[in-house]
Amino acid sequence: MNGTDPLLGRVVGALAGLWQSATLYPAGHPARVNAADRLSLALRGVLDAHGGLVVDLARGRIRVDGGGWASLGEGHLGGLASAARERGVGRLRVSGPRERDLLVELVGALAGGQPLPALPAMPGNELGTGGTGKGPAPEDPWQGMVERLAALWGEIASARRFPDEEADRLVRGIAGLPGDGVVEPVRLAGGRAAVSGVPSPVAHSLDVARLSYLAGRVLGLDPEPLRELTLSGALADIGMVDVPRDLLTKQGTLTPVEFAIVRRHPVAGAEMLLATPGVPDLAGVVAWEHHRRRGGGGYPAVGGRERLHPATRVIQVADVYTALRSPRAFRPEIPETRARAILARMARSWLDEETVGLILERVAPLGLAPVEAPVPA
Amino acid sequence: MALETAAAGATAAIVAALLARHPEGFTTPVGDRAALYARVHRVLLPVCREGPWDALRDILRCARHEALGEHTPPPVRHAALELLAAMERPEVGEELVRAAVRLGFLVPDLEALLAAAGPAALRAIGGVIRNLRGTPLGEEFQVLARRLGPGPWRSLLDQLLRDPAEEVAPFLPLIAGLPLPLAREAGERLVRHPAPEIRRRALAFLLALRPRDAAWRGRVEAVLRDPDRQVADLGRAVLLEGEDVDPALLELALAPDVPAPAEGTIRQRLLALRDRLATGEEGDERD
């Protein structure tokens, strides 16, 4: 940040804090609420002193009314600029409480990949038409599901509450999603999130849940076990809410300490899920086991049982397959043939061979066509 | 691929790991511990049936520690106590005993859980002990029943006194194998059972034990006027076996026109009666 105005400096710091919290935590999480409050306070200070300011999200710069542009910096806020360009968001002039709240909401929506708020047509605003000029992202069912799953993660992680009806709606939604989400990388929710500069474990979990649901359907599961399997896929990575965003976006190899932080997510996830009344037992078991390996190895290295639950074996394959087929911060998506070869190699060492065959031969092809069968009750 | 396999066993194993202190440093927040105990409570029966019993044993150890802990927050203490109380439900004892019968022997973890189930375990053991007579598992159950101590037995005897005769009968062989003071206490309590058959068997049992103290004598004397003729006879036999009493005097003391022994023991009354009779005979002779 090149600007010299300390009030503007506070706004930039608070903006970075909110961006980081919003990409890490779901809406309503205390950390995210605090960050939003901090930004509101910082903006109020600038409004009191200068009357207004303009935030050019697409170009990553900011200025007070009548002042010169200052950069938002490439470090923490680089992802915000690319997300704004991706979603067709340009600049916003903030001159009162309404725009102030709008900016807070906008940053949250960009971070979580949620629908953008309605934007006022005012001089200086280039929202929805600025930046790349693509216009607002069209409504799509994957996006709605990501939001729904993010909300469910938030309820469990911060309040240990499991809204049963909301979970049912989520499962029905996953069951009804268009089928082309599974094999086309840019259509994978997790992949799309990564491309837009917003690494989203929530979006990746949606892909895992979708593939697990299809596997359950192929296996002829009854509605209740199918619901549990789908939810288990959707919640297996919930422990990632405790992993700092920096680690998710880091280029290159993690240090041993960073790796230890990431490795804690199965334990944290199982703890959250088993301590939340109403969450199926299976979800906690899968969260704990999904990085353990067949015949020992993996993590966590203690507790649980040597033999993995069959549902875990399905979700492990779904997890690896969707991760391979999605781009990540540190690599592009892996082509289908190569992904299959990698899975086959993993099946020889730690993935369940039968499940790999099931996913590759019978489940993945389903992703090419919409699923027309009835959804679980 | 059995995707519908229940997750109860794995859940218990994971909760045990979360509650324990591990080298990997798991420390479950206090707020979550109560919920974890409640989660185990929910899967208790399938875990008793299928295991993992070592995990359940570890969880119960934590629960006991938290239930007794001075600084345990009330919700955690409450959840821990609820879990410990659930272990004493009859169906828990039945599942554990069925598991042992399926295995054919008692593994140490299962034995520890049966001990935690207390009276419920005893009741369930009583249900199968007759069929296991002479088998190694039957012997192991006998040993376990002896080791459980007086608490669970007293609790069970309270229940047995309200149960019909056919449900009490299987426990008598188990009672016979108890340490002497506990066996005698059990026999003395069952002497008050409503079913004559049980009273008879309890008396026969006491007869075999040949106890000698005053408390025992009082309990047996109470059955001398039992409405069931056989019970009364057996009570008399027990009393005569344990006391140097003239059977003729005893008959006399129990005659319908002799007042019931409201004060003192029958022995005292018999002695008084004998003195009176002796005095009366002498008087008659003088007349």
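In the predicted model considered here, A:Val54 stands opposite A:Arg63 in β2(A), where strands (E, at least two residues) and helices (H or I, at least four) are DSSP runs numbered from the N terminus. Residues are numbered from 1 along each chain as its sequence is written, while chains are lettered from A and ligands numbered from 1 in the order in which they are written. Because the model is predicted, local features need pLDDT of at least 70 and side-chain atom pairs count only at pLDDT 80 or more, whereas totals for chains, interfaces and linings use all residues.

The pair formed by A:Val54 and A:Arg63 belongs to the antiparallel arrangement of β1 (residues 53–56) and β2 (residues 61–64) of chain A, which are joined by 4 bridges; two strands are taken to pair if DSSP finds at least two bridges between them. In β2(A), A:Val64 is the residue opposite A:Leu53. The hairpin of β1(A) and β2(A) has 4 residues between the strands, and A:Gly60 in this hairpin takes a positive phi near 65 degrees. Strand β2(A) also runs antiparallel to β3(A), to which 2 bridges join it, and A:Arg61 stands opposite A:Ser71 in β3(A). These two strands, β2(A) and β3(A), form a hairpin with 5 residues between them, in whose turn A:Gly66 has a positive phi of about 80 degrees.

Taken together, 4 strands of chain A form an open sheet with antiparallel pairing, in the order β3-β2-β1-β4. Helix α4 (residues 97–112) of chain A lies across β1 and β4 of that chain and runs at about 145 degrees to β4(A); axes are lines fitted to C-alpha atoms, for helices over the stretch in contact, and angles run from 0 to 180 degrees between N-to-C directions.

Chain A as a whole has 16 helices and 4 strands. Of its 377 residues, 51% count as buried, a residue being buried if 20 or more other C-beta atoms lie within 10 Å of its own, exposed if 12 or fewer, and partly exposed in between, with C-beta atoms placed from the backbone. Among contacts in chain A (C-beta atoms, placed from the backbone, within 7 Å) between residues at least 6 apart in sequence, 70% join residues at least 24 apart.

A nonpolar core is a set of buried Ala, Val, Leu, Ile, Met, Phe, Trp, Tyr and Cys residues joined through C-beta atoms within 7 Å. In the largest such core, of 140 residues, B:Ile59 and B:Leu96 touch the most other members, and helix α1 (residues 8–19) of chain B gives the most to this core, with 10 residues. Apart from it lies another core, of 37 residues, including A:Ala14, A:Ala36, A:Val55 and A:Val94.

Between the chains, 29 residues of chain A are in contact with 26 residues of chain B. On the side of chain A that touches chain B, at least two residues each are supplied by α9 (223–235), α12 (265–274), α13 (281–289) and α14 (310–324) of chain A, and the largest share, 5 residues, comes from α13(A).

Technical notes: Two residues are in contact if their C-beta atoms, placed from the backbone, lie within 7 Å.
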